[in-house]
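Trainee: I would like to learn how to read contacts between parts of a protein model. Please take me through them one at a time.

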Amino acid sequence: MEKKVKIKINGKEFEVDSEKSILQAARENGIYIPAICYSDRFGAIGACRICAVEIAGMKKPMLSCAAKVKDGMEVTTNSPALDQLRREIIYEWDTFHPLQCGVCDKSGECELQNINYEFNITENPKEAQTDPLSIPQGTIHYEWKIIHHDANLCIQCRRCVAVCDKVVNFGILALVKKDGDRKEIDTKDGKPLDCEFCGQCVSVCPTGAMSSKLFKYKARAWEMEKVPTTCGFCSSGCQMDLNVKNNEILRVTSEEYTPNMANLCNLGRFNYSVSKSDRLIKDYSLNSKTLNQEAMLLELSQILKNTPKEKIFGISGARETHEDNLAFKMFFNNTLSNNNIDSLSSTHIGKLYKYLPQSVNTLYDFSDISDANLIICFGGDIANEMPRIDWSITRGAKLLKTSKVISAYWKDTKIDTLGSIPLRYEPGRELDFLTSFAFALKSEGYGAGLDGLDSLTGSEFDVSSIMEEVKKASNIAFIVCQEALERSNGEEIAKAVSNIALLLKDKIKVYASSKYNNAFGALYNNYGSSNEFSIQRLLEFAKEGKIETLILLNADLFSFLSDNEAKIVRDSVKNIVLFDTFESKTSLIANAIVPVPFFTSQSGTFINAEGRVNKINKAIECNVPCAWEFLFKLSTNLGYNLSSAKLQLKDKKITLNGPADKIYTINTNSSVKGDGEFVFIANYSKFRTSVYSGYGEGAKLAQSQSVLHISKEDAQRIGLNDGDIANIEANGASIALPVKIDEQMPKSVLAAQLWFENTNPYNITGGFNNLVRANLTKAQGGLK
Amino acid sequence: MNKTYVVENEREVIVNMGPQHPSTHGVLRFVVKLDGEKIVESDPDVGYLHRGFEKFAENMTYQQFMPFTDRLDYLASMNNNFAYAMAVEKLLGISSQIPKRAEYIRVIMAELGRIASHLVWLATHALDIGAMTVFLYCFREREYILDMYEMACGNRLTYNYIRIGGVARDLPDGFLDKLKEFVKLFPSKVKEYHTLLSKNRIWLKRTKGIGYISKQDAINWGIAGPCTRGSGIDWDLRRDMPYSVYPELDFEIPVYHNCDVYDRYLVRMDEMIQSNRILEQCIEKIPDGPVMMKDSPYVWDPKEDIMKKNYALMKHFVKVVQGIKAPPGETYFGAENPKGELGFYIYSNGEGVPYRMKIRSPSFINLSAMPVMLKGHYIADIISVIGSLDFVFGECDR
Amino acid sequence: MDGQSVVELVKGKFGDGVLEASEFRGEYSILVSSNIAHECLKYLHDELNFEYLVFVTAVDFGIDAEYRFQVVYELRSLLHKLQIRVKTNIKENQDIESVVDIYKSATWDERETYDMFGIIFRNHPDLRRILMPQDWTGYPLRKDYPLKGRPEDDDWLDKHLPLGQLKRPRHTRKPFSLVQK
């Protein structure tokens with residue numbers, strides 16, 4: 001329980017939490033203290049010293065960002081002495097700051113400019129020290145990717161260091177010594193920046209020292225219109241502002257008052273150029289013939305009229321807006337009166353929420369993760385799947401120090417650097433961990449009185465190291481990663497997770513990660529509720545000839561099936577109708593293509609993994625209508641009028657339906673498919689959430705192709721070096737990938753990332769599976 | 001939008017004048033209901049020049065709005081600049097810190113503007129009534145003033161010369177000499193106008209007793225400027241709610257009591273002489289010194305500093321891009337302009353732009369009282385009343 | 001007589017009706033409740049010699065404000081060479097008594113305020129639009145009125161723009177500001 005203390009600020013008495021710093025207390029009560037380096041995102045740094053205040057009884061001014069409030073404290077935030085002190089600091093900064101505002105991207109929103117204005121600096125006693133027109137001496141990092149650093153503009157507030165360390169938990173930046181006694185921000189190892197390229201350092205930099213290369217010299221800050229919207233790359237639902245000028249997105253910013261506290265990842269911040277990709281689909285086309293909208297509507301309704309209704313099937317990519325998603329569902333349920341429809345969320349979170357009982361399936365805010373005593377991250381590398389959850393964990397464990405972290409995965413990941421308790425299992429042995437954990441919980445007396453408790457059995461997996469923490473914790477965040485759920489035995493994993501959730505019912509909050517931005521919206525719209533058809537049975541249905549027309553809404557067949565499987569679908573289905581924004585392998589084989597606008601060009605809502613209904617706003621013009629409008633017209637042509645009133649979503653936060661409380665019996669008999677020396681895993685890169693996300697500059701520059709992660713030992717044994725091409729063979733198929741030696745990889749395990757254009761890892765794992773035993777050989781003569 | 005008039009008997013006619021009519025100064029439309037030739041009712045229809053200045057003002061910084069004020073009363077742009085600068089300075093609380101030289105320059109410009117505006121008024125007023133010659137005389141002198149303006153700021157119509165915190169640049173060499181010459185010459189010119197008009201029988205017939213508005217009505221209808229003084233009200237903001245350096249100057253307020261077009265004519269004629277007196281004194285009294293405030297958070301730094309000193313450059317960016325952060329509060333400032341009281345009501349909430357700005361324009365209010373003045377007169381008198389009210393539509397419609 | 005004593009007199013006369021009195025840069029303003037605004041102006045006009053109405057206008061505080069509009073009257077006493085501002089808050093659909101019966105100069109000012117803000121003045125002899133065309137929809141000086149174009153124009157452009165030519169996005173852009181919500 002937080003204690004309240006009374007303090008006096010400028011003679012006025014306030015009651016504030018004892019945990020707060022003076023700066024926080026003052027800001028809460030509307031008292032302004034200037035501060036440059038402080039931000040709630042990463043806490044106090046104490047570098048700028050401008051927030052110094054006078055405290056009664058103290059000789060020297062204290063930094064209000066670092067000093068905690070104490071009972072009876074008397075604080076003065078403004079006095080001639082303080083003003084002088086602050087001015088001295090500004091003089092210092094001004095002395096070395098080059099006269100470059102005219103060409104600096106930050107001009108107009110620069111905090112150094114603001115503070116100069118605020119203090120109305122009219123002289124600088126130190127200005128004689130430097131000639132403002134001399135050539136600056138600091139390093140300019142032209143060689144870094146995406147991010148540009150100019151040390152001359154830096155005022156050494158160390159915000160970038162703090163955000164890189166305490167928010168992103170990457171910690172590549174530091175204030176390092178250069179020749180003489182000069183200090184500069186640089187990478188710790190002095191090599192060119194090689195990081196997550198999230199651009200958080202750009203977003204916090206008060207001056208133009210850290211800037212985005214993609215935005216450089218494109219526009220001035222005040223020329224752009226900020227359109228608030230929701231990021232459409234993963235289901236985090238980060239709030240951001242698209243900065244638009246002349247119908248073009250020039251950069252992406254975010255504000256500190258958003259739920260994501262201005263944090264954005266590489267995709268959100270730098271990948272906006274997807275919206276003007278040359279691979280946007282612009283025309284309606286039928287069998288490679290370009291049509292106008294009316295003709296397309298007529299042709300499509302003819303196709304649909306000629307197909308027996310029960311032979312029309314639909315798959316939603318779970319990437320479209322909630323409105324499109326619901327309209328698609330309505331189109332099938334009402335116009336076509338069938339339920340032959342599923343979405344790609346059924347490949348992962350659909351499994352979990354099918355089994356997760358109603359009593360524990362509430363969707364919680366990510367900010368609750370930071371407040372949890374214990375965070376259990378299971379089944380994937382969350383930093384690659386959803387950076388925002390990773391940052392919430394980092395905030396809890398590193399900044400607020402409220403949370404302990406347990407990481408259950410087959411590999412050491414970034415969150416293990418937070419001092420987590422590592423639980424390592426072999427890939428494919430997820431169930432061992434889950435069942436032992438459930439069994440251990442049962443043994444500790446959790447879940448007493450639940451039916452079917454006896455059916456829980458343990459395994460030899462040792463979870464004793466974490467049980468103490470679990471018992472102590474009153475508030476547990478349990479994060480289930482997409483990688484685990486995408487396994488072929490994902491349903492069993494989902495059941496096992498449900499058991500654990502139920503056992504820890506009173507103190508657990510379950511989160512699931514998804515790379516599909518509207519996956520939770522698709523669940524909310526009851527996709528996957530059909531008893532007959534599910535996405536996993538697509539191939540089976542196609543082979544049996546049950547599908548005559550297949551409608552894909554933003555679903556790229558090659559992003560969840562192997563090339564062969566996609567070909568089978570193509571060959572056995574008469575008509576493939578594709579609603580999509582971007583050209584893909586699927587658009588090459590589809591009969592009819594209906595363009596739909598990218599999320600930056602339409603208004604609507606996305607539902608994120610917190611269950612929040614987030615608005616998206618149209619930022620750039622585009623001359624194709626939303627999918628729902630097209631579907632409504634199509635439906636009218638087919639003789640059924642859909643009502644757009646139903647598309648309106650009034651709730652701010654959604655809840656999902658779930659089954660009654662039940663302990664599931666788990667079938668642990670699963671072995672990894674195939675045979676081979678290595679275990680191959682298809683997992684995720686933080687730079688892709690789909691194939692089309694690679695069409696943008698930010699993601700492409702950060703990672704251009706899928707690479708094969710391999711342990712050092714294995715690489716040496718086979719004679720592979722970084723950059724060599726390796727062939728991976730399984731299931732009679734093979735893929736070739738460049739090698740990257742990863743010291744954290746366990747022995748005999750290989751991993752490659754999905755959704756890159758250079759390869760499709762599903763070719764060897766098969767669709768709806770991401771794990772296979774494979775053989776590895778070094779390719780002769782590079783790629784064919 | 002016009003009133004719907006009902007014709008009650010066959011003698012009544014409804015006549016539509018304008019919006020394109022040679023004697024409506026600008027785009028004024030007038031709907032009059034006549035009984036024979038007598039005006040029964042009239043309804044001025046304005047808004048043809050509405051450009052939404054108040055909405056503009058809410059969306060731009062204080063400095064950015066200065067050129068817009070040029071386009072209010074475009075016959076006296078300097079006076080508008082002056083009034084707006086004073087209004088913002090009052091809001092910022094820096095009225096007393098404006099350099100003396102700048103204040104004198106502003107007064108010189110404003111009084112020259114008053115003379116120039118009155119000259120145009122006299123020229124067109126006489127032209128409308130039928131005296132062609134006056135027009136040529138007046139424009140001759142006005143040209144002289146415009147030349148002086150051009151010397152000072154390079155423009156002849158929209159000056160954008162006065163700044164918040166001072167004036168844009170100092171007077172050029174030779175300006176004061178030229179002004180001296182003008183001041184010496186001008187009273188004799190005014191005499192010339194008098195000889196042309198004041199005792200002219202046609203002029204007297206067309207103006208005496210026309211457009212009557214009583215003292216009480218004039219106050220109640222909010223009429224401002226020379227028109228009030230022609231109705232016997234002794235009121236001039238320069239003297240009664242003094243601003244700038246007017247308290248240091250000696251001038252009289254001409255007042256006439258017959259409340260008609262002729263008296264309003266006399267007021268303006270006398271005002272030109274008084275303005276001339278003010279100019280004379282300004283030439284004597286103008287001190288040396290800076291023409292722009294320095295080191296104020298509300299005023300732009302000099303260009304030389306911006307080019308050489310990074311703090312000045314940085315501040316300049318903030319001031320230009322985000323606007324000067326005026327303290328929250330509301331002020332009204334009215335200045336005595338040639339047409340009457342031009343006032344700016346500014347509601348600031350502490351941001352770089354005014355939250356609301358109302359422009360109290362004399363033309364608008366004066367025009368609203370026109371139906372009162374016209375009642376019972378002949379249709380031809382509309383022309384002389386319009387002339388005597390001296391409105392400009394840039395200001396009326398904003 | 002000075003501004004302060006006027007404020008005191010008005011306070012004495014109307015008591016609770018005066019909600020707030022303030023002074024800024026030597027100008028006195030009083031905020032009165034809307035039901036006594038007319039009475040208050042009449043009192044100032046008849047008994048305190050505030051015979052000159054400088055202007056009437058309104059300020060829009062946005063849809064979320066409890067009282068959306070503030071109607072502002074600036075009064076002047078030629079005798080005392082004094083100005084005072086009377087303000088009153090009204091809700092969006094609330095109308096207010098016209099002061100034309102006291103000050104004729106309010107005739108056009110109130111028409112303009114109606115035209116720009118949509119505030120209805122009761123008992124105004126001739127309340128109609130003045131600056132905008134009579135068939136105009138919307139009230140331009142309201143804060144929610146778009147800065148560029150009207151909604152109708154969008155529909156019009158949709159029909160009349162040549163094929164393939166894009167409309168420029170409609171802005172409600174303000175000058176650049178760092179002030180956060």
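Trainee: How much area is buried between chain B and chain C?

Mentor: Buried area is the accessible area (1.4 Å probe) that two parts lose on being put together, summed over both. Between chain B and chain C that comes to about 4,800 Å², and carbon and sulfur atoms give 58% of the area. This is a predicted model, where local features need pLDDT of at least 70, side-chain atom pairs count only at pLDDT 80 or more, and totals for chains, interfaces and linings use all residues. Residues are numbered from 1 along each chain as its sequence is written, chains are lettered from A in the order in which they are written, and side-chain values use heavy atoms, with hydrogens and water left out.

Trainee: How many residues of chain B and chain C are in contact?

Mentor: Contact means heavy atoms within 4.5 Å. By that rule, 53 residues of chain B touch 57 residues of chain C.

Trainee: How many salt bridges are found across the interface of chain B and chain C?

Mentor: A salt bridge is a side-chain nitrogen of Lys or Arg within 4 Å of a carboxyl oxygen of Asp or Glu. The interface of chain B and chain C has ten. In one salt bridge, the side chains of E341(B) and R76(C) meet at 2.6 Å, N to O.

Trainee: What kinds of residues does chain B put against chain C?

Mentor: Ala, Val, Leu, Ile, Met, Phe, Trp, Tyr, Cys and Pro count as nonpolar, Asp, Glu, Lys and Arg as charged, and the others, Gly among them, as polar. The side of chain B that touches chain C divides into 26 nonpolar, twelve polar and 15 charged residues.

Trainee: Now for chain A. Which domains does its assignment give?

Mentor: Domain bounds come from an automatic or database domain assignment. Among the domains of chain A are domain 3 (284-346 + 519-647) and domain 4 (350-512). The centres of these two, domain 3 and domain 4 of chain A, taken over C-alpha atoms, are 34 Å apart. Their contact takes ten residues from domain 3 of chain A and eleven residues from domain 4 of chain A.

Trainee: How much area do domain 3 and domain 4 of chain A bury between them?

Mentor: They bury about 830 Å², with 55% of it on carbon and sulfur atoms. In domain 3 of chain A, F520(A), A609(A) and E610(A) lose the most area to domain 4 of chain A, together 56% of what that side buries.

Trainee: How many salt bridges are counted between these two domains?

Mentor: The count between domain 3 and domain 4 of chain A is two. A salt bridge also joins the side chains of D365(A) and R612(A), at 3.2 Å, N to O.
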